[in-house]
Amino acid sequence: MVEPAAPVAPHPDIAALAPLLGSWRGRGHGEYPTIAPFDYLEEITFGHLGRPFLTYRQRTKAADDGRPLHAETGYLRCPAPGRVELLLAHPTGITEICEGTITETVDGIRLELNSTNIGLSGSAKQVTAVGRSFHVTGDTIDYTVRMAAVGETLQHHLAATLQRS
């Protein structure tokens with residue numbers, strides 16, 4: 001019988017991100033001036049491969065009927081102490097690079113990120129800026145997303161609370 005491999009420890013450069021590791025599920029609410037408000041269910045998974053980054057996978061579905069809504073995939077890195085980068089691809093033709101800070105709080109960590117580059121395919125919605133805030137407290141993540149798109153200024157778009165599953 002083959003023994004299972006021991007878990008790989010996170011790379012020392014991303015030790016500050018360790019509280020994110022695992023799968024998270026919960027509910028959120030979205031709004032924007034160009035769409036009707038909506039509620040959603042979400043799952044986010046942060047993983048690692050022993051290298052200096054976390055993997056990130058996000059999926060949402062409508063809270064009312066379960067239809068798929070959105071997905072994102074990418075990586076989270078710490079290029080220097082107190083600094084964090086989030087690199088994402090969206091299936092809607094958008095790529096997003098956000099940079100910002102990671103700080104330890106009394107009860108967890110807080111990430112504050114703002115886009116430094118948004119890439120758009122020819123058919124993508126016109127998104128010009130994104131901001132994201134994550135606060136991890138024990139087995140809870142609270143986050144918000146701000147967005148500037150389709151002629152609107154940067155403003156609140158999403159908020160959710162997820163529990164580690």
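Student: What is the relative accessible area of Asp139?

Tutor: The model is predicted: local features need pLDDT of at least 70, side-chain atom pairs count only at pLDDT 80 or more, and totals for chains, interfaces and linings use all residues. Residues are numbered from 1 along each chain as its sequence is written, and side-chain values use heavy atoms, with hydrogens and water left out. A residue is buried under 20% relative accessible area, exposed over 50% and partly exposed in between, with a 1.4 Å probe and protein chains only. Asp139 is therefore partly exposed, its relative accessible area being 45%.

Student: Which residue meets Asp139 in a salt bridge?

Tutor: A salt bridge requires a side-chain nitrogen of Lys or Arg within 4 Å of a carboxyl oxygen of Asp or Glu. The N to O distance here is 2.7 Å, and the partner of Asp139 is Arg164.

Student: How many residues apart are Arg164 and Asp139?

Tutor: Strands are DSSP runs of E, at least two residues long, numbered from the N terminus. Arg164 belongs to strand β10, whereas Asp139 sits in the loop between β8 and β9. The pair thus links distant parts of the chain, with a separation of 25 residues.

Student: How far apart in space are Arg164 and Thr140, C-alpha to C-alpha?

Tutor: Arg164, in strand β10, is partly exposed, with 30% relative accessibility. In sequence, Arg164 and Thr140 are 24 residues apart, while in space their C-alpha atoms are separated by 6.3 Å.

Student: Are Arg132 and Glu96 buried or exposed?

Tutor: Their side chains form a salt bridge at 2.7 Å, N to O. This pair links strand β8, which holds Arg132, to strand β6, which holds Glu96, across 36 residues. As for accessibility, Arg132 and Glu96 are both buried.

Student: With which residue does Glu43 form a salt bridge?

Tutor: In this pair the closest N and O atoms are 3.2 Å apart. Glu43 is in strand β2 and its partner is in strand β1 (residues 22–32), 18 residues apart.

Student: Which side chain does the side chain of Glu85 contact?

Tutor: Glu85 lies in strand β5 (residues 83–90) and is buried, at 13% relative accessible area. A polar contact is a pair of N or O atoms within 3.5 Å; within protein, one must be able to donate a hydrogen and the other to accept it, and residues adjacent in sequence count only if both atoms are side-chain atoms. At 2.6 Å, the side chain of Glu85 makes such a contact with that of Arg77.

Student: How many disulfides does the whole structure hold?

Tutor: A disulfide needs two cysteine sulfur atoms within 2.5 Å. For Cys78, which is in no disulfide, the nearest cysteine sulfur belongs to Cys98 and is 14 Å away. Cys78 is buried at 11% relative accessibility, and Cys98 is buried at 0%. The search of the whole structure accordingly gives a count of 0.

Student: What is the phi of Val150?

Tutor: Val150 lies in the loop between β9 and β10 and is partly exposed, at 40% relative accessible area. Although Val150 is not a glycine, its phi is positive, at about 40°.

Student: How much space lies in the largest pocket?

Tutor: On a 1 Å grid over the protein atoms alone, a pocket is an open set of points where a 1.4 Å probe fits, with protein on both sides within 12 Å along at least five of seven lines; lining residues have an atom within 4 Å of a point. Grid points are joined across faces, edges and corners, and the volume is the space filled by probe spheres set on the points. By this rule the largest pocket holds about 710 Å³.

Student: Which residues lining the largest pocket are the closest to its centre?

Tutor: The lining comprises 34 residues, and its largest share, 6 residues, comes from β2. Closest to the centre are Phe38, His70, Lys125, His157 and Leu158.

Key. Helix = DSSP H or I, 4+ residues; strand = E, 2+ residues; numbered from the N terminus.
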